[in-house]
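I opened the model to go through a few local features one at a time. These are my notes, in the order I took them.

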Amino acid sequence: MLPCNPGGHAAFQDTFVSQFLKFYPDPFVLPKSTWDYIVQFWFLDLSKTDSVMQECYSVFGPEPRLPSCMLRSYLLALKLKVTSITVWCRMLKETPRGKKKGDKTPCDSSSTASKLLPLLERWHLKPENPFFLIFRLYQQQFLDQSIHRGLVNPRHLALAGDGTPVRTAAQQRKKRICDCKEKGCSSCNCKRHYSQPDCNWGWDSHRECYFFGYHLYMYVASDSFSDLPVFPLLERASRHDMLSFLHSFFTMKAYLPKFRIEKLLPDSAHDAYAVYDYCRREHIVPFIDLNPGHTGYFTYKDDFTIDDDGVPVCKMGLRMHKDGYEAAKHRAKYRCPKSNRKRGCFCEHPCSPAKYGRTVHIFTDDNPRLFNIPPRDSKAWEKEYDRRTSVERSNKREKEDYKLEDGRHRSTKMWYCRLYGIMMLQHLDAWEMPSAEAFQESLLGLTA
């Protein structure tokens, strides 16, 4: 039958108050860390889960457990670093005693982007992935709540994106579907059944080893104070960051069509002309570090060359000094390095008869990859690009603090459940909550 929860979140709070003193006659002996969890889940309203999940239930059969209670239990398991669902179910059946417990892969990214990006731009993806349901739960009850609290601004969004390896097993999981072994052939080439066909082998540059699993590409609101995640996608482990970026970016646009991206902050693996052209068409300011393997000097305006970071170099081989930029005209101004406003040009071999010395205007239309607004050698660009590390901190929290890779799952469905559950907790951790002491006082008033 369909789940029914007429009391909503208040029903959970009433049940908690009535059962709390039954299991913990002296609740104040619990450690502060436990009270911090109690405070978070007391204010975490998951009542929308019951309506979102209702379409997944049959009108016949026994009365089911409330989906909101099951999601709350799963999030608590992740919070307590319990990696096995079987172990968690066994722990839930135990009666508490109220005592303290003891205190990067090779890829031609430029060619890939130029071929794949126009195709994805024309082919509008639809939000029909198997994880759509868990995404709705995450969006309605966590992402939207963070937006309401002012932690994420969907109208002026600065996104940092990066990929990270997620190890799911020590080796490929497969089993025979033939009877060759019974016939005495132990090394046949017959087809196998793979439990995770969307996983494969990839190279982990941080650990310097091959691994079997996924390549998680995560987007984080880089201007949020708590490095809040926005949208993830699990790709094959062998995929390069550029491939994962293109697929996940347009998938994110399908799932979050009302989000307006103003700034994009990926690393040098995304340094490709097609990406800059797309950002210019969509009015997105890219903050992408140059890939050393893709740079080179070239002549600009017949007598100037361009350094590998987009700064013009004069005939004397000197880098010109930045003299401001005009965002409205999409151009940056550089002046002779041997001139100033008081003395004018004092170069021994001036390249311009002007008293002020030679000036050069760099237009982003000439080369959107090299000529950024703001320029790469400016403090404004450096300050914004430093926020790209927000996605690295977010990935670290998921993998190390919340033990993402410790899940013992054999399906992508369960890995998405674990990933989105961890993302929910990241948002919950960022919400402002009352102190444990203030909550204890209010709770005593309820139980009185």
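**Second largest cavity.** I looked up the second largest cavity and found a volume of about 60 Å³. A cavity here is a set of points on a 1 Å grid over the protein atoms alone where a 1.4 Å probe fits but cannot get out. The grid points are joined across faces, edges and corners, and the volume is the space filled by probe spheres set on the points. Rolling a probe the size of a water molecule over the atoms shows where empty space is left.

I then listed the lining residues, those with an atom within 4 Å of a point. They are Cys 314, Lys 315, Met 316, Leu 318, Cys 336, Pro 337, Lys 338, Cys 347, His 349 and Cys 351. By class I get seven nonpolar, one polar and two charged residues in this lining. The classes are nonpolar for Ala, Val, Leu, Ile, Met, Phe, Trp, Tyr, Cys and Pro, charged for Asp, Glu, Lys and Arg, and polar for the others, Gly among them.

**Ground rules.** I note that the model is predicted, that local features need pLDDT of at least 70 and side-chain atom pairs pLDDT 80 or more, while totals for chains, interfaces and linings use all residues. Residues are numbered from 1 along each chain as its sequence is written, and side-chain values use heavy atoms, with hydrogens and water left out.

**Met 316.** I followed up one of the lining residues, Met 316. Met 316 sits in the loop between strand S11 (312-313) and strand S12 (321-326); helices (H or I, at least four residues) and strands (E, at least two) are DSSP runs numbered from the N terminus. Its relative accessibility is 42%, so I count Met 316 as partly exposed. On this scale buried is under 20% relative accessible area, exposed is over 50%, and partly exposed is in between (1.4 Å probe, protein chains only). Leaving aside neighbours within four places in sequence, Met 316 is in contact with Cys 347 and His 349, where contact means heavy atoms within 4.5 Å.

**H11 and H12.** Next I checked how helix H11 (residues 389-401) meets helix H12 (residues 412-430): the axes come within 10 Å and cross at roughly 115°. The axes are lines fitted to C-alpha atoms, for helices over the stretch in contact, and angles run from 0 to 180 degrees between N-to-C directions. The contact is made by Ser 394, Arg 397 and Glu 398 of H11 and by Ile 422, Met 423, Gln 426 and Asp 429 of H12. I sorted these residues into two nonpolar, two polar and three charged.

Not counting residues up to four places away in sequence, Gln 426 touches Asp 227, Leu 228, Pro 229, Ser 394, Arg 397, Glu 398 and Tyr 402.

In H11 I also looked at Asn 395, which counts as buried at 5% relative accessibility. With neighbours within four places in sequence set aside, Asn 395 is in contact with Asp 162, Thr 164 and Met 218. Asn 395 and Gly 163 are 232 residues apart in sequence but 8.7 Å apart in space, C-alpha to C-alpha.

**Positive phi.** Most residues other than glycine have a negative phi, and most peptide bonds are trans. I noted some exceptions in phi.

- Lys 81 has phi near 65°; this residue is in the loop between helix H4 (67-79) and helix H5 (85-93) and is partly exposed at 37%.
- Glu 208 has a positive phi of about 55°; this residue is in the loop between strand S4 (200-204) and strand S5 (209-221) and is exposed at 62%.

**Val 82.** Val 82 is also in the loop between H4 and H5. Val 82 is buried, with a relative accessible area of 13%. Outside four places in sequence, I find Val 82 in contact with Ala 77, Val 87, Trp 88, Met 91 and Arg 418.

Methods. 1 Å grid on protein atoms, 1.4 Å probe; cavity = no way out; pocket = protein on both sides within 12 Å on 5 of 7 lines; lining within 4 Å.
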